[in-house]
Amino acid sequence: MKHHELPGHISEKLHAIAERGEKIRILFVCLGNICRSPAAEGIMRDIVDSRGDSQNWKIDSAGTGRYHIGDLPDRRMRVHARQRGLELDHRCRQVTQDDFNDFDLIIGMDASNITNLRQIAPSPEAEKKIVAMADFFTPGSRYDYVPDPYYEGSEGFELVLDLLEDACRNLYDSAS
Ligand code: 4NP
């Protein structure tokens, strides 16, 4: 059993942005930007839309790798997301140094994403924007990262969507 707790400063930071009347700007990051992070983007956008709160959020995703730039999300992820009522139409792009100015939180899916993001961060201040998606998992989750589904079967994609739904709900609640 993994015990993850949302670091208090993240929730404080999100509240402070909302209190200033500014958009909360979040970027989800994985390796390929065709499975996990575009799914996180779609789920988060759906939550924010369903609460009538889309004008207060800026949500995007990117990859540390450059294998799939310009591509739609992986067909398997689109099929599994569609079964949950989500259409994923993000076009793959690579994360940039500018993203560290354009977003408040840069959310990596696993430890390797976070190591890569630390190398891209343009300053120590920018590096503080990097957090793990697992920081938003409900305490007691069996996982402490979002596993790469690329070489997995259907269960891998369903697991990723379950983990992301849980984390995105908690992320939304931590800001409100
Ligand atoms: P993602 O999954 O990081 O969740 O988008 C992957 C997609 C593609 C590759 C690796 C992971 N790839 O090596 O092409």
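Me: Hi! Leaving aside neighbours within four places in sequence, which residues is Ser174 in contact with?
Reply: Ser174 is in contact with Leu6, Ser11, Leu14, His15 and Phe136, where contact means heavy atoms within 4.5 Å. This is a predicted model, in which local features need pLDDT of at least 70 and side-chain atom pairs count only at pLDDT 80 or more, while totals for chains, interfaces and linings use all residues. Residues are numbered from 1 along each chain as its sequence is written, and side-chain values use heavy atoms, with hydrogens and water left out.

Me: Thanks! Is Ser174 buried or exposed?
Reply: Ser174 counts as buried because its relative accessibility is 8%; buried means under 20% relative accessible area, exposed over 50%, and partly exposed in between (1.4 Å probe, protein chains only).

Me: Where does Ser174 lie, and what is 2.8 Å from a polar atom of its side chain?
Reply: Ser174 lies in helix α7, residues 154-175. Helices (H or I, at least four residues) and strands (E, at least two) are DSSP runs, numbered from the N terminus. The atom 2.8 Å from that side-chain polar atom is the backbone oxygen of Leu171.

Me: Which residues are around the ligand?
Reply: They are Cys30, Leu31, Gly32, Asn33, Ile34, Cys35, Arg36, Tyr67, His68, Asp148 and Tyr150, each with a heavy atom within 4 Å of the ligand.

Me: Which polar backbone atom is 2.9 Å from a ligand oxygen?
Reply: One belonging to Cys35. A ligand oxygen is also 3.1 Å from a polar backbone atom of Ile34, and a ligand oxygen is 3.2 Å from one of Asn33. Taken alone the ligand exposes 350 Å², and the protein buries 91% of that; the areas come from the Shrake-Rupley method with a 1.4 Å probe.

Me: Last one: which residues are buried in α5?
Reply: In α5, residues 111-120, Asn113, Ile114 and Leu117 are buried. Seen down the axis of α5, they fall within an arc of 95°, so they line one face of the helix; the arc is that of the directions from the helix axis to the C-beta atoms. The face turned away carries the exposed residues Ala111 and Gln119.

Key: Polar contact = N/O pair within 3.5 Å; in protein donor to acceptor, adjacent residues only side chain to side chain.
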